[in-house]
Amino acid sequence: MADSSSSTNSSTVTQRWGDVEDDPQEVEVEESTSSSTPENNNSSSTSAVELPNLDSLAIDDENTKKNDFLDEPEDTQISAVTSGDTLYSTATKFEDLNLSPELLKGLYIEMKFTRPSKIQSISLPMILTPPYKDLVAQAHNGSGKTTCFVLGMLSRVDPNLKEVQALCICPTRELAIQNMDVLKKMGKYTGITSFPAIPSGSARIPIPRMAEIKDQVVIGTPGRIRDLMSSKKLNTSHLKVLVFDEADHMLDDDGFKDDSLKIRKLMEKDKARYQVLLFSATFSDTVRNFVSRVVKDGNQMFVKKEELTLDVVKQYKVNCPNEQAKIDVIRDRIFELGEKLGQTIIFVKTRESANELHKKLGDYGYGCTTIHGAIEKDFRDKIVKEFRDGLTKVLISTDLLARGFDQSQINLVINYNLPSKRDYPSDPDCEVYLHRCGRAGRFGRKGAVFNLLSTDREHMLLGKIEKHFGTHIVEVPDWKSNEDFEQALKAAGLL
DNA sequence: AGTACGT
């Protein structure tokens with residue numbers, strides 16, 4: 001347990017989130033309004049106004065000059081809003097965080113970190129300082145969100161208690177596996193054990209025949225976690241931290257909101273008091289709204305919309321006269337020039353179009369594979385492994401990999417189809433667009449995005465995307481011109 | 001339509 005000895009009162013606030021309309025039995029625990037901090041108890045507190053102590057943390061730029069593993073933009077605007085009277089400082093060194101020697105060793109040796117990144121320096125003190133308030137954290141794609149909450153989980157686990165103490169819920173199997181890998185690496189010397197709660201491939205043991213999980217950290221996907229809980233294999237009564245990765249999707253009506261609420265409901269029975277951490281690069285207005293209703297007494301960390309990702313990757317649009325032209329572009333320009341690049345992800349809308357595109361691109365002597373949810377689990381693992389090992393250079397994917405997939409070699413993203421809203425097909429899904437773009441240009445590296453457009457609708461969608469982000473997306477003049485693409489890639493810094 | 005399970 002890492003508890004920093006900061007001035008905190010012990011007003012035990014029962015922190016629950018998800019106290020939504022459908023569970024009225026949960027009584028809102030009022031904040032102890034007797035918050036008398038050392039610095040403001042001179043005033044006879046004339047106004048016990050609802051005004052929370054909003055301590056904006058200004059980020060001192062002097063300490064973030066150099067970071068060996070992160071190449072963040074220096075001018076990042078992050079605003080942190082704290083709730084209540086706990087004071088947080090920014091951590092300039094990992095030593096400031098009271099981490100165990102074993103964990104520090106993992107950070108320095110395995111992760112090769114030298115000092116906290118900017119978002120870590122802000123969020124980690126908020127995660128690790130009692131009374132362990134909930135946190136809503138928005139941070140750039142590829143800026144190290146994962147390392148934040150993994151470090152948070154590892155440092156809050158009591159290594160001597162062999163019970164599930166930290167749980168992380170992710171939208172996809174691939175993301176859960178990826179996060180698990182980070183956890184194992186970072187926690188290598190801690191002896192902390194972990195369990196992947198994901199749908200298994202061919203080698204599956206039926207849940208009823210499984211033993212109860214006694215691993216200290218569980219990372220997984222909603223359905224599996226739900227099943228493990230309802231069959232009493234996953235006991236959350238000792239839970240200290242609950243993490244939602246890609247939180248906005250996990251709490252979106254159109255995403256996993258129902259599953260997330262169901263899981264939380266199952267947890268109610270275990271009566272644990274746990275800290276909730278919400279991490280995502282995007283928070284749509286509706287989700288943001290929901291979160292603010294539900295995480296009432298939490299801390300927040302937000303990044304300005306304009307600052308998110310879209311300046312590190314160069315975006316282009318390609319006017320293709322028809323569907324076939326899109327395929328020609330990929331085959332004759334991208335594959336050609338791609339030889340000199342890193343790796344590419346091509347995003348499509350449906351599983352079917354993924355298969356079709358794969359077939360049409362055929363075997364052009366290029367390592368090109370396809371992944372989506374209808375592909376057998378074991379095969380999905382194999383596809384991802386081959387891609388991570390660099391054996392394949394181009395991967396066709398549905399939005400399965402739109403979020404969180406971290407592969408630093410990806411520097412080109414192709415939108416074969418643009419993402420649009422389910423209920424309003426004439427509106428783009430700007431969050432998904434941003435997440436897709438975030439697959440390129442990891443950790444501030446150079447990246448490019450080509451949006452292939454053939455219909456009026458697609459032009460319209462991209463126009464709305466430009467408007468939403470307030471950016472101008474440059475047009476590649478001629479879809480048939482190799483020079484034009486070369487020029488575009490050069491301008492993006494990729495050639 | 002996409003993510004997620006198990007039957």
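In this predicted model, 34 residues line the second largest pocket, and those that lie nearest its centre are His249, Asp254, Asp399, Asp429 and Val432. The space within the second largest pocket comes to about 1,200 Å³. Sorted by class, the residues of its lining comprise 15 charged, 10 polar and nine nonpolar.

As to where this lining comes from, both domain 1 (61-304) and domain 2 (313-491) contribute, with at least three residues drawn from each. At the level of secondary structure, at least two lining residues are supplied by each of helix 6 (247-250), helix 8 (285-294) and helix 12 (430-437), and the largest share, four residues, belongs to helix 12.

Two packed helices are described by the angle between their axes and the distance between the axes. Here the axis of helix 12 and that of helix 13 (residues 456-469) come within 10 Å and cross at roughly 85°; because an angle of 65 to 115 degrees counts as roughly perpendicular, helix 12 is described as roughly perpendicular to helix 13. In the contact itself, Cys430, Tyr433 and Leu434 of helix 12 meet Leu462, Ile465, His468 and Phe469 of helix 13, and this contact has six nonpolar residues and one polar residue, with no charged residues.

Lys112, in the loop between helix 1 (101-110) and helix 2, has a phi near 60°, a positive value in a residue other than glycine.

How values were computed: Residues numbered from 1 in each chain as written. Chains lettered and ligands numbered in written order. Predicted model: local features only at pLDDT ≥ 70, side-chain atom pairs only at ≥ 80, totals over all residues. Heavy atoms only, no water. 1 Å grid on protein atoms, 1.4 Å probe; cavity = no way out; pocket = protein on both sides within 12 Å on 5 of 7 lines; lining within 4 Å. Points joined across faces, edges and corners; volume = space filled by probe spheres on them. Nonpolar A, V, L, I, M, F, W, Y, C, P; charged D, E, K, R; others polar. Domains from an automatic or database assignment. Axes fitted to C-alpha atoms, helices over the stretch in contact; angles between N-to-C directions. Parallel < 35°, antiparallel > 145°, perpendicular 65-115°, else oblique. Contact = heavy atoms within 4.5 Å.
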